[in-house]
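Student: Could you go through this protein with me and show me how the labels are decided? I'd like to check each one against its cut-off.

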Amino acid sequence: MDEKLLKLRTVGELKKAGYRTAPVRDEMRKNLLARLREKTRILPGIIGYDDTVVPEIENGVLAGHHMIFLGERGQAKSRIIRALVLLLDEFVPALKGCEINDDPFAPICRTCRKAVADKGDAAEIAWIGRDHRYAEKLATPDVSVADLIGEIDPIKVAEGRYLADEETIHYGLIPRINRGIFAINELPDLTEKVQVGLFNLMEEKDVQIKGYKIRLPVDVVFIASANPEDYTSRGRIITPLKDRFDVQIRTHYPKKLEDEIAIMDQEAAEVSRGGTAVRVPQFLKDIIAQVTFEARASNEINQSSGVSVRVTINNLESVVSNAEKRAIRNGENEIVPRISDLHSMYASTAGKLELEYVGEDKKEEDLIERLVNRAVLKVFDKYLKLDDLKKVIAYFEGGWGVEVSDSSPASDYMEPLREVAGLREAIAILGPFETPGLMASASEFIFEGLHLHQKLNKERQGGGRLAYHA
Ligand SMILES: [Zn+2]
C-alpha cells in the first residue's frame, strides 16, 4: 500500500492521484493474483488443506463467487473465513462520516450523494482499514432482518422523509460493512424470513423492511458456513438462497497425524510456566492426536457433529497442566507429561463428544478409556517392538513389579531405571531422553505398552497411581 495515498483527504485529491475504486470481488481477485505470483500462502496458519480446500478457495476468489464452507465442528472454518479478510486492500477510501462506507465516486446513501453534489471535489474522504470491512454473525433463530439488514422508522417515513435517509433507516450489520466481507456461521439456523431478506440483498439489491421496498445496492462478498447434515436436510435453507452460493467447499479433519499435531502445537495455549521448561515427548503428542483419530473412527460417537481439533488441543493443555502440578509440588525444574497424566484428558474430551446411544451400562468414561488404550497401543507399535523389550519382560517375569504415579517426582524412577534390565536401552530407542522427567515419561510409556500387549498386569490404585507386574 502506497503510504502517500493515505494522506489524500478529498474526492478531488483522490481523482488527481488517479485512484480507482473497485468492487470487493475484484479487489480480492487482484490481491490473490499478486500472492500467487509471489508464491506466498493465502491462508497463514491453516494446516492440512493445501491440496484440498485451499485450491478450491483460490478458484472461488478468482471467479468472484459467494462461498459456503461445509464441515463438522472444529475444522477451522471460521479461521479460514477470517484469513480471507487479508485478501482485502489494507485501506480503501470512503466518504467521510458515511455509515455504509460509501464509494467516493459512487455513493449510495442520500447524505453522501448530497455531499458530493454540494461540495464536488471538495467532499471529504476517510481511509477505512480492512478490519472494518468484515463482519461475522453466528446464525441463531433470534437473528432478525433488523440485525442484518436494517430497520426503518415508519413515523419518519410518514413525515415525508426519504427511505434511504439516515433518519428513517437504521442500518444493520451488512450495510455497515458495505464494500467488505460478510460471514454468516451456521446458515441453516437463520429463520426463513431472514433467509429471504439475505437472498434479496444478494440478488435483487432490494429489500422489504416493514412493507417498504428499499433499494440497497451494497457491494458485499458473502461467505457462509454450515454443518453438512443441517445444510442438506430439507427445508432448512430456502432453495433460492442455496442457489445463490456459487460454490460449496467441503472442509475436513486432518488426514495425517502430523497435521493434527502441527495444529495442536500451533494452537495450544501458551501459558507462561514461570520459566519452567515444558517438554512433551513426541510419543505423547502422537498419543494425544491419535486419541482424537480413534474418536473420529468410532461408531459409538456421533460422527455427523464430528470430533473437533479442539479436543486434541484441550487434551494437550490438560495433560501439561497435570504435569505442571507435579513439577510444582515436587520442586522440579521441568514439566514432562506421562501416561499417568492421561486421565486428565477425560474431562477435556467428555463434553466434546456426542455419544450414540450405547445402552445404560456403557459410560462415557469407559469409552474414552478404550480410545486412549487403542491410541497408546498404536503409538507404542510405531516406536517399539516386543523383541526390543525381551529383557524388560524377563525382569517382571522374575516376580518384580513397579509402581508409578502422576504425583511421584521423576527421581522416583531412577531406581527402576537401575533395576529393570534393558529399560535404558529401550528408552534410547524412543529418543535421546536425557533428563529425569523425560526418562520417567518414557519408562511409563514402555510399561503401559507392555500391559496393553498383555505382557504385564496393571492395577489402578486410585487417582493416577498405577502398579505394573507380571
Ligand atoms: Zn454514505
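Predicted model: local features only at pLDDT ≥ 70, side-chain atom pairs only at ≥ 80, totals over all residues.

Student: What makes phenylalanine 445 count as buried?

Tutor: Buried means under 20% relative accessible area, exposed means over 50%, and partly exposed is in between (1.4 Å probe, protein chains only). Phenylalanine 445 has 0% relative accessibility, so it counts as buried. Phenylalanine 283, at 2%, is buried as well.

Student: Why are the rings of phenylalanine 283 and phenylalanine 445 called stacked?

Tutor: Rings of Phe, Tyr and Trp (its six-membered ring) pair if their centres lie within 6.5 Å; planes under 30 degrees apart count as stacked, over 60 as edge-to-face and the rest as tilted. Here the centres are 4.2 Å apart and the planes are at 5°, so the pair is stacked. Phenylalanine 283 lies in helix H13 (residues 282-297) and phenylalanine 445 in helix H20 (residues 436-452), so the pair ties together parts that are 162 residues apart in sequence. Helices (H or I, at least four residues) and strands (E, at least two) are DSSP runs, numbered from the N terminus.

Student: And what kind of aromatic pair do tyrosine 395 and phenylalanine 396 form?

Tutor: Theirs is edge-to-face, with 5.4 Å centre to centre and 85° between the planes. Ring pairs also link Tyr395, Phe396, Trp400, Phe447 and Tyr468 into a cluster. In total, the structure holds nine aromatic pairs.

Student: How do you know that H13 is largely enclosed?

Tutor: Count its buried residues: 13 of the 16 residues of H13 are buried, so the helix is largely enclosed by the rest of the structure. The expected span of a helix is 1.5 Å times one less than its number of residues. For the 16 residues of H13 that should be 22 Å, and the end C-alpha atoms are 22 Å apart, which agrees.

Student: Which ring does the charged end of arginine 296 sit over?

Tutor: The ring of tyrosine 253, with the charged end 4.0 Å from the ring centre. A charge sits over a ring if NZ of Lys or CZ of Arg is within 6 Å of the ring centre and within 35 degrees of the ring normal. Lysine 242 does this with tyrosine 231, at 4.9 Å from the ring centre.

Student: What makes the site of the zinc ion tetrahedral?

Tutor: Start with its protein donors: Cys98 (SG), Asp102 (OD), Cys109 (SG) and Cys112 (SG), lying 2.2 Å from the zinc ion. Donors are N, O and S atoms within 2.8 Å of the metal (3.2 Å for Na, K and Ca); water is not among the atoms, so sites may look incomplete. Four donors count as tetrahedral if all angles lie between 85 and 135 degrees. The angles among the four donor atoms here are 98 to 130°, and the site is tetrahedral. In sequence, the donor residues are spaced C-x3-D-x6-C-x2-C. As for burial, cysteine 98 has a relative accessible area of 13% and cysteine 112 one of 5%, so both are buried.

Student: How far apart are the closest N and O atoms in the salt bridge of arginine 73 with glutamate 354?

Tutor: They are 3.6 Å apart. A salt bridge is a side-chain nitrogen of Lys or Arg within 4 Å of a carboxyl oxygen of Asp or Glu, and the structure holds 28 of them. Arginine 73 is partly exposed at 31%, and glutamate 354 is partly exposed at 37%.

Student: Why are aspartate 118 and lysine 114 separated by about one helical turn?

Tutor: Because they are four residues apart in helix H5. Aspartate 118 has 56% relative accessibility, so it counts as exposed.

Student: Are arginine 338 and glutamate 444 buried or exposed?

Tutor: Both are buried, and their side chains meet in a salt bridge at 3.9 Å, N to O.

Conventions. Residues numbered from 1 in each chain as written. Heavy atoms only, no water. Tetrahedral: all angles 85-135°; square planar, octahedral: opposite > 155°, others 65-115°.
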